[in-house]
Amino acid sequence: MTATDTTDAVDPERGTLAKAADENFPVAPFFLPRAWRTDLMAVYGFARLVDDIGDGDLAPGGADARLLGVPEDRADDRLLMLDAFETDLRRVFGGSDDPPRHPLLRRLVPTVRRRALTPEPFLGLIAANRQDQLVARYETYDDLLAYCELSANPVGRLVLAVTGTSTPERIRRSDEICTALQIVEHLQDVAEDLARDRVYLPAEDMKRFHVQESDLAAPTADASVRALIAFEAGRARDLLNEGAPLVGSVHGRLRLLLAGFVAGGRAALRAIAAADHDVLPGPPKSGKVRLLREAGVVLRGER
């Protein structure tokens with residue numbers, strides 16, 4: 001066990017929040033108002049922890065299980081942990097008589113009150129991770145979109161709610177961006193997901209492009225896999241373009257934040273294309289220069 005692992009086991013709150021530095025997109029960048037940064041980090045702590053429970057990536061030592069009232073010998077039962085986490089989440093919305101047990105959920109309480117947040121987006125993220133334990137393959141693109149409605153779209157909705165900018169039109173655009181970013185992440189992580197016995201490429205598309213699961217386990221992608229990845233990347237690009245007007249509908253520092261999200265997705269898609277759509281050796285990465293260029297394009301309202 002490394003020193004970092006030891007620290008995280010003793011202080012799961014700090015260990016979880018520290019992962020923000022490794023995310024694909026900035027969680028609460030310095031240019032945002034301090035109040036926004038505080039609340040976005042509280043939301044991030046929830047989202048990161050629920051994903052860690054669902055992926056089996058909790059810090060060693062069982063501290064999170066103990067906090068949630070799960071016996072140590074059942075800490076590896078992800079469905080049980082998710083159920084316990086949902087019970088603790090409901091304490092966030094249930095008043096102060098029975099406060100949450102986990103420090104990351106206690107941190108969330110003032111954010112929920114300040115921003116009048118509702119339980120639905122948080123419950124959606126839990127449901128997505130519960131679904132990951134029960135569903136490992138998706139037959140159609142519509143099935144995948146339904147999963148993204150739980151796994152990705154709540155994050156954008158929470159960002160709009162925290163910043164007080166929610167409208168039906170902005171929520172629709174945000175959903176398109178978040179779904180696109182989720183699909184991009186799935187494309188980057190095909191090999192990693194397969195190692196977890198998960199395939200997020202729709203089965204109907206795999207059949208169309210004559211791709212077998214065994215093809216996804218190869219060191220490099222053959223022509224059929226590359227064609228499939230290019231097809232799904234096109235879908236993600238179209239969704240990003242449909243959602244991009246969200247950026248122009250807001251102002252100031254929030255506009256910079258949202259432009260960064262769209263630019264990050266576009267830069268990742270360009271990196272995938274630059275790798276000739278071969279994602280099997282590992283996620284193609286884009287550099288900071290490319291990201292800044294894409295951000296400029298987004299801010300100018302271009303494609």
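Modeller: Phe46, Phe85, Phe93 and Phe122 form one aromatic cluster. This is a predicted model: local features need pLDDT of at least 70, side-chain atom pairs count only at pLDDT 80 or more, and totals for chains, interfaces and linings use all residues. Residues are numbered from 1 along each chain as its sequence is written, and side-chain values use heavy atoms, with hydrogens and water left out.

Colleague: What makes two rings an aromatic pair?

Modeller: Rings of Phe, Tyr and Trp (its six-membered ring) pair if their centres lie within 6.5 Å; planes under 30 degrees apart are stacked, over 60 edge-to-face, the rest tilted. That rule gives eight aromatic pairs.

Colleague: Why does the pair of Phe46 and Phe122 get its class?

Modeller: The ring centres of Phe46 and Phe122 are 5.0 Å apart and the planes stand at 90°, so this pair is edge-to-face. Phe46 belongs to helix H3 and Phe122 to helix H7, so the pair ties together parts 76 residues apart in sequence. Helices here are DSSP runs (H or I, at least four residues), numbered from the N terminus.

Colleague: How do you know whether Tyr147 and Tyr200 are stacked or edge-to-face?

Modeller: Take the angle: 25° between the planes, with 5.5 Å centre to centre, makes Tyr147 and Tyr200 a stacked pair. Tyr147 sits in helix H8 (residues 141-151) and Tyr200 in the loop between helix H11 (190-195) and helix H12 (203-208), so the pair ties together parts 53 residues apart in sequence. Tyr147 and Tyr200 are both buried.

Colleague: What makes Arg208 and Phe231 a charge over a ring?

Modeller: Arg208 lies over the face of Phe231, 4.7 Å from the ring centre. The rule asks for NZ of Lys or CZ of Arg within 6 Å of the ring centre and within 35 degrees of the ring normal. Arg235 lies likewise over the face of Tyr141, at 3.8 Å from the ring centre.

Colleague: Why does Ala47 count as buried?

Modeller: Its relative accessibility is 17%, so Ala47 counts as buried. Ala47 lies in helix H3.

Colleague: Why is Asp175 called buried?

Modeller: Asp175 has 12% relative accessibility, so it is buried. Asp175 is in helix H10 (residues 168-188). Leaving out residues up to four places away in sequence, Asp175 touches Glu149, Asn153 and Arg157; contact means heavy atoms within 4.5 Å.

Colleague: And what makes Gly156 buried?

Modeller: At 9% relative accessibility, Gly156 counts as buried. Gly156 is in helix H9 (residues 153-162). Gly156 touches Ser174 and Cys178, again not counting residues up to four places away in sequence. Gly156 and Arg173 are 17 residues apart in sequence and 9.4 Å apart in space, C-alpha to C-alpha.

Colleague: How do you know what span to expect for helix H5?

Modeller: The expected span is 1.5 Å times one less than the number of residues. H5 (residues 78-92) has 15 residues and reaches 21 Å from first C-alpha to last, close to the 21 Å expected. Its buried residues include Met81, Phe85 and Leu89. Among the elements covering the buried residues of H5 are helix H3 (34-55) and helix H7 (120-134).

Note on methods
Helices (H or I, at least four residues) and strands (E, at least two) are DSSP runs, numbered from the N terminus. Buried means under 20% relative accessible area, exposed over 50%, partly exposed in between (1.4 Å probe, protein chains only).
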